[in-house]
Amino acid sequence: MEKVVVAGTDASGVLDKKKTNVNQVKSFGKQIDGSITEPLSWEDLVYLIDHGLFNNLGRSASEIVRYRQWREAIVKVYESPLDYIASVLFNQFIRLNDKGVFQAVKPECRRERYALRENDFPYFLCDGIRHFVLWAESGFLSTQIIEKQIEEHLPNYPYIYFVNLPELQSVKLFQHCHIFLKEPDTPQTFALEVCVDSVASAIEAQNGGTPFCMCKIQGADRLELCCALAEGGLTPTLGMVKAVLDATHIPVYALVRPRGGDFLYSDVELKVMFEDITQFKACGVHGFVIGVLTAEGDIDIGAMQRLMSVCSPVPVTFHRAFDMVRDFSASLDTIASLGGVSRVLTSGGQSTALEGAPTLRKLQMKAQLLGIIIMAGGGVTQENVSRILRDAGVTEVHASARTTRKSGMQFCNTNVHMSSALHNPEFTIKQTSATIVSSIRTKMT
């Protein structure tokens, strides 16, 4: 992450006058109500913060009104904004005081905890600049603390920050820092992979709500082809692979997983995988999705090397076996050392990618240095994809985008079930929905 040097202040907000050339000070006037009339550019922000001119930062007139209305509403419920922050950001115990409003009970010790959130009342800034606030429960922020929080929780964009001078701290008990991110000038490109287990699902995923359209704007960028999605996905049949390749024009990656359950495979199972890869590669698949672990929860280097030698030169994705490893960081290093693995599909070790977003963000930062793509998968929907992309900092997601349709059978024997496990009724069919795919794509932009 690129840091814009904050020359005018240190983490305590103290202005270093030796670094401020008063002859270079630009004029940024404020209105009587404290608002500014023109949005600040990134260059304006850097200049003002670099010179310690924090009083020249401000909100638009409408934001000022909204902010004051918020404060008026807060003090009807809480003793002060300080008590609101103590309760909402740091879960400190509150009580009703004799005025009938909530007041935070001062804890015995102030913990070293931090709350980083996008500013609900941002300064008046040009498009492409995001404004965050970092709060410290302990009341202390150092440069090291600030930059660690930025590194762990914010996207990998250029940033600049400042800590208000003591007299400008609106809530003095909880010191806070203003952080600004500069998003890329060109929109970031995101990719959607859809896992499918039928020809019909493959066509729906590709079209994405735009039937017979040969563009990919609303559809998937790539397919992961498998069978038995209820098992987490297993190796598809050779006939299925051929049919999907014939019916689609976007990249098709074939999952090679010989059975459900764990990812500790016997020599016989590995032999099955070698044979499947050989046959699928001859059909012209565009990539493979594989993963093998040791009994100890590490990447099985020997097995992976043998499988990848058969896959070569076709690219490889390491699938969610990654979520079962004992050490994410070490396993990512191992995968990088194999060569030929272009991406890792993972939920960050949680049931869903949304729950695993904090871990995904750390993996993404490391993977960038290793030349590997982190693809977030697990419970990705049109409702949460935007948040996953934002919180995890990834550029690729994996979803099934499925819905349920009724069987075309007119006669239905409901006394018989084809599986002894928990099952869906035999006369409903899970299938990828072009409408859902399109909705996910729309939320990714």
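This is a predicted model: local features need pLDDT of at least 70, side-chain atom pairs count only at pLDDT 80 or more; totals for chains, interfaces and linings use all residues.

User: OK, how many helices and strands does the chain have?

Analyst: There are 12 helices and 16 strands. The chain has 445 residues, and 47% of them count as buried.

User: And the accessible surface, what does that come to?

Analyst: About 22,200 Å², with 54% of that belonging to carbon and sulfur atoms.

User: Let's do the sheet. What's the strand order?

Analyst: The order is β3-β4-β6-β5, an open sheet of four strands with antiparallel pairing. β3 (114-118) and β5 (159-163) are the edge strands, each pairing on one side only. From one strand to the next, the twist averages 20°.

User: How many bridges are there between β3 and β4?

Analyst: Five, in the antiparallel sense, with β4 covering residues 129-136. In that pairing, Tyr-114 stands opposite Ala-136 in β4.

User: Which strands does helix α1 lie across?

Analyst: α1 (residues 42-50) lies across β4, β5 and β6 (176-182), and runs at about 35° to β5.

User: Switching topic: which residues form the nonpolar patch on the surface?

Analyst: Val-77, Leu-96 and Phe-102, which together have about 250 Å² of accessible area. Phe-102 is in strand β2 (residues 102-104), and it counts as partly exposed because its relative accessibility is 30%.

User: Now charges. What's the salt bridge count?

Analyst: It comes to 17. One of them joins the side chains of Glu-137 and Arg-113, at 2.9 Å from N to O. Glu-137 sits in the loop between β4 and α4 (143-153) and Arg-113 in the loop between β2 and β3, so the pair ties together parts 24 residues apart in sequence.

User: Is Glu-137 buried or exposed?

Analyst: Buried, because its relative accessibility is 0%. Arg-113 is at 30%, so that one counts as partly exposed.

User: What about Glu-396 and Arg-222, how do their side chains meet?

Analyst: In a salt bridge, 2.9 Å from N to O. Glu-396 is in strand β14 (residues 396-399) and Arg-222 in strand β8 (residues 222-225), so this pair links distant parts of the chain, 174 residues apart. Glu-396 counts as buried at 8% relative accessibility, and Arg-222 also counts as buried, at 7%.

User: And Arg-326, which residue does it form a salt bridge with?

Analyst: Asp-298, with the closest N and O atoms 2.8 Å apart. Arg-326 is exposed, with a relative accessible area of 61%, while Asp-298 is partly exposed at 25%.

How values were computed: Residues are numbered from 1 along each chain as its sequence is written. Side-chain values use heavy atoms; hydrogens and water are left out. Two strands pair if DSSP finds at least two bridges between them. Helices (H or I, at least four residues) and strands (E, at least two) are DSSP runs, numbered from the N terminus. Axes are lines fitted to C-alpha atoms, for helices over the stretch in contact, and angles run from 0 to 180 degrees between N-to-C directions. Contact means heavy atoms within 4.5 Å. Patches are made of residues with over 30% relative accessible area and no salt bridge: like charges are joined within 9 Å, nonpolar side chains (Val, Leu, Ile, Met, Phe, Trp, Tyr) within 5 Å. Accessible areas come from the Shrake-Rupley method with a 1.4 Å probe; for residues, only the protein chains shown count as cover. A salt bridge is a side-chain nitrogen of Lys or Arg within 4 Å of a carboxyl oxygen of Asp or Glu. Buried means under 20% relative accessible area, exposed over 50%, partly exposed in between (1.4 Å probe, protein chains only).
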